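Biologist: I have the model open. Can we go through it piece by piece, starting with what the labels refer to?

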Amino acid sequence: MAHRIDEYVDTQHETYKDIALKIHEKPEVSNYEFFASETLSEQLRNEGFEVMLDVAGHRTGFDARYKSQKPGPVVAFLAEYDALVGIGHACGHNLFGATSSLAGAALKQVIDEVGGEIRVYGTPGEEGGENGSAKGSFVREGFLDDVDFALCVHPGHLHGLTTTSLANDPVDVEFFGKPSHAAASPEKGINALDAVIQVFNSINALREHLSSDVRIHGIITHGGDAPNVVPEYASARFYLRAEARPTLNDVYAKFENIVKAAALATGCTYKFGLFQNSVDNTVLTPLFDEVYEKVLNQYGEVIGNRDVRGGGSTDVGNISQVVPTIQPHINIINEPTSVHTVEFREAAKSELGLDSISLGAKVLANTALELIQNSELLERIKQEHKLNLEKQA
């Protein structure tokens, strides 16, 4: 069966490579990935999947399914395909979506024999933005309720296993005051910008009393219109991050108290809350990663980076909070290179980058096949995931 999976990937590699290149040439940001979503979902429809578009409240999301007649586990391959504002596919999501889709199509070649169901979830806006971080919606809307495990692979420098990631609450803060002439009648005004500045000052005071994993960073998005007018409206946007969701929930409550206090101190009214889905931290399941690594080694490839600590956030974490999930890294550039750079964007259309689609699809599909065929192993993975979920701070 593994041989048949590999043969199918080889026959379809050029098709999916062409898809990845076309998506790279037409980068689309969160909530606008129309071309990428339609291209990938149409290919999966051609592969024999039943496809639903505009799912989980995301107009560029999709749900592609193929269910065998024999009972078995439900596996979800996660597909990302959004680009970054201004720099395009500098995170390699053009490869990401193509790899997960090909993995699902390859596993379909044997699923009728082993039993189970394959799903490819097209999840928009991993980078955030308008209606971003779709995986949180997929969890909330029940798309993972009957899934046994989920997997995907992210482009990177060197092969690596799944890393931790920070939970992230993206919030907007708005203050509403009262305008007046800043020189002639300042006493008649209520300064909304003062409230925003008070928030920043209070955050800096709060940092002394936060654990070292917490990150709070923000920008002023509106600070007034003219120096001689007391600002009646001011706003700011922040990311609140922590290693674990329980910690971040506590930080969120403290941050909201700061906003309330700033409004009270200045006489403003305020609005405060998430401007897109919250993102959860990634719960690791090392036994699941061990299976992936074993399969990777069968192709003559080895893990080159064993750092399990990640400094950013990904909504794959939301999936990992409810089912065993892996997101290893697959090498697309041999030189040490950070994501979200021009160099990484170019790597996402390089020969090595495009070849990663074939390798990634083979390893993902065969990893899933092993879990489907070995119910005892899958149960051990589920138990490890449950234990690590309970261990969160």
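Modeller: Helices are DSSP runs of H or I with at least four residues, strands are runs of E with at least two, and the numbering starts at the N terminus. Keep in mind that this is a predicted model.

Biologist: Fine. What comes just after H3?

Modeller: Glycine 115, which has a positive phi of about 90°.

Biologist: And H3 itself, how many of its residues are buried?

Modeller: 19 of the 22, so the helix is mostly covered, where buried means under 20% relative accessible area.

Biologist: Where is the kink in H3 centred?

Modeller: On lysine 108, and the kink is about 45°.

Biologist: What span should H3 have, and how far apart are its ends?

Modeller: At 1.5 Å a residue, residues 93–114 should span 32 Å. The end C-alpha atoms are 30 Å apart, which agrees.

Biologist: New topic, the sheet. What is the strand order?

Modeller: E1-E2-E4-E3-E5-E11, six strands in an open sheet with mixed pairing. E1 (50–55) and E11 (325–326) are the edge strands, and each has pairing on one side only.

Biologist: Do E3 and E4 run parallel or antiparallel?

Modeller: Parallel, with six bridges between residues 74–79 of E3 and residues 117–122 of E4. In that pair, alanine 76 is opposite arginine 119 of E4.

Biologist: Which strands does H10 touch?

Modeller: E3 and E5 (149–151). H10 covers residues 351–373 and packs on the sheet, with its direction at about 165° to that of E5.

Biologist: And which strands does H2 lie across?

Modeller: E1, E2 and E4. H2, residues 34–46, runs at about 15° to E2.

How values were computed:
Residues numbered from 1 in each chain as written. Predicted model: local features only at pLDDT ≥ 70, side-chain atom pairs only at ≥ 80, totals over all residues. Heavy atoms only, no water. Pairing = 2+ DSSP bridges. Contact = heavy atoms within 4.5 Å. Axes fitted to C-alpha atoms, helices over the stretch in contact; angles between N-to-C directions. Expected span 1.5 Å × (residues − 1). Bend = angle between axes of the 7 residues up to and from the residue. Buried < 20%, exposed > 50% of the residue type's maximum accessible area, 1.4 Å probe, protein only.
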